[in-house]
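Dear colleague,

I am passing on the structure below, together with some notes on what was found in it. Please read the notes alongside the coordinates.

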Amino acid sequence: MKTIKIGMLGIGNIGKGTYRTLEMSRAKIEQANGLTIEIVKILNRHPEIDRGIDIPKEKYVTDAYEIINDPEIDIVIELIGGIEPATTYMADALKAGKHVVTANKAALAANGRMLQELAYKNQLMLRFEASVAGGIPILNAISTALISNEFSEVQGILNGTTNYILTQMTEQGTPYEEVLKEAQRKGFAEADPTADVEGIDAANKLSILISLLFGIGVAPEKIPTKGITSVSREDISFAREFGYRIKLLASANCADGKVTCNVEPSLVAETHPLANVNNEFNAVYITGNAVDNLMFYGRGAGPLPTGSAVIGDVVDVARKIEKGSAYDLLPHLRYDADLQFAGEGANQYYIRLTAADHPGVLGQITSTFGVYGIGIRTMMQRAGDNSGKAVPMIFIVYDIEKSILTTALNVLVNNGSVESIDNVLRVLKS
């Protein structure tokens, strides 16, 4: 039975999950594929640290190039995360004739084109199913079973940390800071949660999805992005009164030769399938011209779900090595479509503001909205006590460019009609 030898860069949570997944499924893989997959070397810069997993110490190396330059290794799994040195390691592995499997969304979003060109040049495979939605097999589905579709839209809950936080704030009424600490205790959030709660992680994943679905490269830093730190219990309560739940959505639309996208907390109608994706679960909701609407749902993060996707890619590459056909770039990033990136486009928005409680204020607000072409879909005003104190007003407006809406809201603040703009959130059209 042929043995496919693997070198793994990194033995953090995902590395341990990948190693455990392979050990759990070893017998099944051998029986189904007639080959053995063996992780023979693992990059561990601190082998003296107890990793909580039983791995023979002789597998550990402290220099990545002991793996990259080993002529017996067929596949390199990159699981150290971040853009560098991960990108350099993957590039050098491809130059050294190794197939590469990765879960690294940041490196792919930043340098996917270069890595894919290296794979193509060297007739190797670059696989990255685990980079977008953990254990959810969305990338392979897009590139194989759904390849005949022209896609027009994607909406994704792509970050388990933020989804867990928003779920607990919604269902338990727990303040953001308390839920974040609980998420960190449970391992759903990192000690530094910035990349998650500010939407950076979701933007990296959306960049990859846009390339696969629409064939255009949009760098993560160009995607309009807003995190969940501005979402309050008041927003969650008002949203529910209107029949919505708030989710951090990564969204992209392709129409009339233009691609628009954003990552931001969004009001999702309670009747929409995404509204019921809770806690650490993820989902990807796509629209194709043949299949119409599809939703992929499951655990989008965690050592074992992500490890499952990594090993799935490894087995696929190993099969092709065994057959002598390991030159297959699917799922592949694409940058060839004749499309224009047009920012975040026009969307419906929820607006929570504070206005003085005196006659004429509502008229001033609606008049200003009218000047800027902002149509009001619905509104809510809490009853005041005639004391002239400020009261909250909630508006949901029809499609409008964010820049136009921002200008109108600034006018209202500057002319004294409104004391403060407390939040502006996108509304997903159902």
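Of the contacts in the chain with a separation of 6 or more, what percentage is accounted for by residues 24 or more positions apart? With contact meaning heavy atoms within 4.5 Å, such residues account for 75% of these contacts.

Please note that this is a predicted model, in which local features need pLDDT of at least 70 and side-chain atom pairs count only at pLDDT 80 or more, whereas totals for chains, interfaces and linings use all residues. Residues are numbered from 1 along each chain as its sequence is written, and side-chain values use heavy atoms, with hydrogens and water left out.

The chain holds 14 helices and 16 strands, these being DSSP runs numbered from the N terminus (helices H or I with at least four residues, strands E with at least two). Its radius of gyration, taken over C-alpha atoms, is 24 Å, close to the 22 Å that the globule rule gives for 430 residues, so the chain is as compact as a globular protein of that length; the rule is 2.2 Å times the number of residues to the power 0.38. Along the principal axes, the C-alpha atoms fill a box of roughly 85 × 45 × 35 Å. Of the 430 residues, 54% count as buried, where buried means under 20% relative accessible area, exposed over 50% and partly exposed in between (1.4 Å probe, protein chains only).

Helix α7 (residues 160-172) packs against helix α8 (residues 176-186) at an angle of about 130°, with the axes 9 Å apart; axes are lines fitted to C-alpha atoms, for helices over the stretch in contact, and angles run from 0 to 180 degrees between N-to-C directions. The two helices are therefore oblique to each other, since angles under 35 degrees count as roughly parallel, over 145 as roughly antiparallel, 65 to 115 as roughly perpendicular and the rest as oblique. On the α7 side the contact is made by Y164, I165, Q168 and M169, and on the α8 side by Y176, V179, L180, E182, A183 and K186.

Some backbone details also stand out for checking. A cis peptide bond, with omega about 5°, joins E84 and P85, and P85 lies in the loop between β4 (75-78) and α3 (86-95). D256, although not a glycine, has a positive phi of about 55°; D256 sits in the loop between β8 (244-255) and β9 (258-269) and counts as exposed at 79% relative accessibility. N279 also has a positive phi, near 55°, but is partly exposed, with a relative accessible area of 22%.

Best regards
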